[in-house]
Amino acid sequence: MGEPPGRGRGTVGAGHVLGVDSGGSGLRIAVARADDEAARPLAERVSREPVRIGPAGIDAGHLLSQLLPAAEELQREAGADGFTAVCVGAAGAATLGDELRTRLPAALATAFGARHCALAADAVTAYAGALGQQPGAVVAAGTGMVALGTDLTAAGGWRRADGWGHLLGDCGSGAWIGRAGLEAALREYDGRPGGSAALLARAEAVFGPAGALPGALYPRPDRPAVLASFAPEVAGCATDGDTVALGILRAAAGHLADAAAAVCPPAADSVVACTGGLFGLGEPLLAPLRTALAERLPRAHRTVAAGSPLDGALAIAAALAGDRLTLPADAELLQITRPAPGP
């Protein structure tokens, strides 16, 4: 496990909560005081090993083998006497999290006395990190893309758009942009309309001869990440004025705004935020995205994401410990386990 510097120490005997963000790049784990409504992390740990996915979905045993030792270290560092509540946000939890939902609450209760446990899809922790407990919509985009919205009512629940993976969706994501850029490069290589000499040059500089690109790409198990690695090249060509690259980013912005509009509550006080590494592409993407969001969601208030998915996991855990959680529970997106009522 890697170890960033601690950001403070808790008070011995104070209630503490644990937040976990499990994604394609590994696990991030942090501890905060249960009575801190801002859920500011006291200390963190990072594992660079992504949790395995097998025939039964996300491998709960593999996740716990990394989480439990790190949480024990954080418990000691923060002077915590166990954890009052834990929130685990995991990529793929909505569709691949059955084993996590079955095993994690009991394992965390046994190891740390956790009386409250939340298992969330990573889109939910991204939402909580970006907007807290406000009605609105969040577009979370990096290699993939998913949008999530809620009006905070049980009747309204959560609304989700896309997040279907690079073969069926994730429209406007890093993988989508990279694939579109490589397609334009190969169009130029073939002499077909819609090609870009600038993108062809970038593709060959990154991947080698264009004719060998399928052999270099198709066998890769990390194909979405490889596609997404070309997205900055598309943004670079757009910055240089390449019209094909500019068109790809305008189309991506439209897809992202479409997803936000599909999930955003209609109320005028709804807020919309974008979070994730994709938005580091800068103005070539952000400028058309602002325009597209203004067109599709003229009544919504656009805001900057307040924090990360790990911040969101801590916020959910702290709200759960303090009986302040207003985000809707959901069997797939946000499973909540609380102590059984007394006699």
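Val-234 touches Ile-177, Gly-181, Leu-199, Ala-245, Ile-248 and Leu-249, leaving aside residues up to four places away in sequence, where contact means heavy atoms within 4.5 Å. This is a predicted model, in which local features need pLDDT of at least 70 and side-chain atom pairs count only at pLDDT 80 or more, while totals for chains, interfaces and linings use all residues. Residues are numbered from 1 along each chain as its sequence is written, and side-chain values use heavy atoms, with hydrogens and water left out.

Val-234 lies in helix α9 (residues 231-239), where Ala-231, Ala-235, Gly-236, Cys-237 and Ala-238 are buried along with it; buried means under 20% relative accessible area, exposed over 50%, and partly exposed in between, with a 1.4 Å probe and protein chains only. Helices are DSSP runs of H or I with at least four residues, numbered from the N terminus. The buried residues of α9 pack against α5 (174-190), α6 (197-207), α8 (223-228), α10 and α11 (283-296), and the helix is followed by Gly-241, whose phi is positive, near 95 degrees.

Val-234 is also among the residues with the most contacts inside the largest nonpolar core, which has 47 residues; such a core is a set of buried Ala, Val, Leu, Ile, Met, Phe, Trp, Tyr and Cys residues joined through side-chain atoms within 4.5 Å. Its largest share, ten residues, comes from helix α10 (residues 243-263). A second, separate core of 38 residues includes Ala-30, Tyr-127, Leu-310 and Ile-336.

The disulfide count comes to zero, a disulfide being a pair of cysteine sulfur atoms within 2.5 Å. The sulfur of Cys-274 is 11 Å from the closest cysteine sulfur, in Cys-264, too far for a bond.

Note on methods
Helix = DSSP H or I, 4+ residues; strand = E, 2+ residues; numbered from the N terminus.
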